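Reader: I'd like to learn how to read a few features in this one. Could you walk me through them?

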Amino acid sequence: MRMSILRVAVLSLIAAASVAVSADGPFSSLVVNSNRSTYSGTCPVSVIFTGNINYSPHPQLFTYSYQWERSDGAKGQRTNVRVTPNTSNRLIVRDSWQIGRSGDYTETLLADSGNTHMKETSHTTVHIVCR
């Protein structure tokens, strides 16, 4: 009898933990930065945006996708990621953009998994002056 009660209690805790993970979604944060904040000189110039997709430890396999979206409206290819249990809780992704005219530029990283959708725009607006 005690073993059955203990078994039910353990299974209830496991079920509650699984519900908590799925209710909050898999992502803990997204962070986007660039390798420069300003540039003045000959163009085109390469600007590299780096994104950290951070997710909570997950007890089972899950999948998500991410995509870059540029401030000029261009969208990168959607990339699918498969995360197995007990692996790294972060994926670092990069997008290199060849900018050929003066202006202010940002990139947004979008991540989707099931009903969870997150997006983060670069913390720095890159100011370009082409000469």
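Reader: Let's start with a side chain: is Phe-62 buried or exposed?

Author: Buried means under 20% relative accessible area, exposed means over 50%, and partly exposed is in between (1.4 Å probe, protein chains only). Phe-62 has 7% relative accessibility, so Phe-62 counts as buried. Before we go on: this is a predicted model, where local features need pLDDT of at least 70, side-chain atom pairs count only at pLDDT 80 or more, and totals for chains, interfaces and linings use all residues. Residues are numbered from 1 along each chain as its sequence is written, and side-chain values use heavy atoms, with hydrogens and water left out.

Reader: Good. How many aromatic pairs are there?

Author: Rings of Phe, Tyr and Trp (its six-membered ring) pair if their centres lie within 6.5 Å; planes under 30 degrees apart are stacked, over 60 edge-to-face, and the rest tilted. That rule gives six pairs here. One of them is Phe-49 with Trp-97, a tilted pair because the planes sit at 40°, with ring centres 6.3 Å apart. Strands (E, at least two residues) and helices (H or I, at least four) are DSSP runs, numbered from the N terminus. Phe-49 is buried at 0% relative accessible area, and Trp-97 is buried at 5%.Then there is Tyr-55 with Phe-62, an edge-to-face pair with 5.6 Å centre to centre and 80° between the planes. Ring pairs also join Phe-27, Tyr-55, Phe-62 and Tyr-64 into a cluster.

Reader: And the largest nonpolar core: which residues have the most contacts inside it?

Author: A nonpolar core is a set of buried Ala, Val, Leu, Ile, Met, Phe, Trp, Tyr and Cys residues joined through side-chain atoms within 4.5 Å. The largest one has 23 residues, and Ile-53, Tyr-64, Tyr-66 and Ile-128 have the most contacts inside it. Elements giving two or more residues to this core include strand E1 (27-34), E3 and strand E4 (62-70). E3 gives the most, with five residues.

Reader: How many disulfides does a search of the whole structure find?

Author: A disulfide is a covalent bond between the sulfur atoms of two cysteines. The cut-off is a pair of cysteine sulfur atoms within 2.5 Å. The search finds one: Cys-43 is joined to Cys-130, S to S 2.0 Å. The link is left-handed, with -90° about the S-S bond. Cys-43 lies in the loop between strand E2 (38-41) and strand E3 (45-55), Cys-130 in strand E10 (residues 126-130), and the two are 87 residues apart.

Reader: What is the relative accessible area of Cys-43?

Author: Cys-43 comes out at 25%, partly exposed, and Cys-130, at 23%, is also partly exposed.
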